[in-house]
Amino acid sequence: MIYSHEVKMMCPVAQGVNHGAAPIPEEAKWVKSKEVKDISGFTHGVGWCAPQQGACKLTLNVKDGIIQEALVETIGCSGMTHSAAMASEILPGLTILEALNTDLVCDAINTAMRELFLQIVYGRTQSAFSEGGLVIGAGLEDLGKGLRSQVGTMYGTLEKGPRYLEMAEGYVTGIALDEDNEIIGYQFVSFGRMMDFIKKGDDPATAYEKSKGEYGRVADAVKIIDPRHE
């Protein structure tokens, strides 16, 4: 250790009281974290790239400082999906410190990792007060049946009004309108369910019909329009 001349000439003074790290909540325990291995938690975070063309929602399950599970969801940029594929291979097995300093290819994913790191090391995880934390696989459960991200895609113009394109329930196939041309419901098809039916042997037309649903007062509609072509 190299000291400046000014420091060398100082007289020593005892440091005094030092209580160490403040405890943070981790999986229903209060932990004084001093090393990476002291950190555990399950949490989510969102990141964005510099041009803000796309965003990433990242979910991590950390046990004893090691990332055991990673869910990478991206939207808005085609290249991000390939970056997410690489990040899903890179993240499990890394310590959270390694992950923070690893190039996750897409800047939105890197930013999401930064935001998660801050949550995790400050004890602000989703599992802070869950005894034992959450099991490995909890991230996958966020996707629900069909294992697809919860996506909402809407579009609107002043001239022609709103268009519902995709909801959490699925791909919107029809928008129900009343006599004032106001939306009162929508029809949809669940892609996840449809693919499950096809994998089980249903022909695509049958699978499509079995995966259809509706929300709202569709039965009262004066007309139903195709949101993509009308």
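The legends below describe close-up views of a predicted model. Local features need pLDDT of at least 70 and side-chain atom pairs count only at pLDDT 80 or more, whereas totals for chains, interfaces and linings use all residues. Residues are numbered from 1 along each chain as its sequence is written, and side-chain values use heavy atoms, with hydrogens and water left out.

**View 1. The largest pocket and its lining.** A pocket is an open set of points on a 1 Å grid over the protein atoms alone, where a 1.4 Å probe fits, with protein on both sides within 12 Å along at least five of seven lines; lining residues have an atom within 4 Å of a point. The volume, about 270 Å³ here, is the space filled by probe spheres set on the points, which are joined across faces, edges and corners. Among the lining residues are V46, K57, D142 and Q150. Strands β4 (55-63) and β5 (66-75) each supply at least two lining residues; strands are DSSP runs (E, at least two residues), and helices are DSSP runs of H or I with at least four residues, both numbered from the N terminus. The lining has six nonpolar, three polar and three charged residues.

**View 2. The largest nonpolar core.** A nonpolar core is a set of buried Ala, Val, Leu, Ile, Met, Phe, Trp, Tyr and Cys residues joined through side-chain atoms within 4.5 Å. Buried means under 20% relative accessible area, exposed over 50%, and partly exposed in between (1.4 Å probe, protein chains only). This core has 25 residues, and C56, L58 and I109 are among those with the most contacts inside it. Its largest share, seven residues, comes from α4. Another core, of seven residues including V172 and F188, lies apart from it.

**View 3. The two sides of helix α2.** In α2, the residues M80, S83, A84 and A87 are buried. These residues lie on the same side of α2 because they cover an arc of only 110° around the axis, the arc being that of the directions from the helix axis to the C-beta atoms. S78, H82 and E89, on the other side, are exposed. The buried residues of α2 pack against β4, β5 and α4, where contact means heavy atoms within 4.5 Å.

**View 4. The loop between β1 and β2.** Phi is near 50° for E27 and near 70° for A28. E27 counts as buried, at 10% relative accessibility, whereas A28 is partly exposed at 41%.

Note on methods:
Ala, Val, Leu, Ile, Met, Phe, Trp, Tyr, Cys and Pro count as nonpolar, Asp, Glu, Lys and Arg as charged, and the others, Gly among them, as polar.
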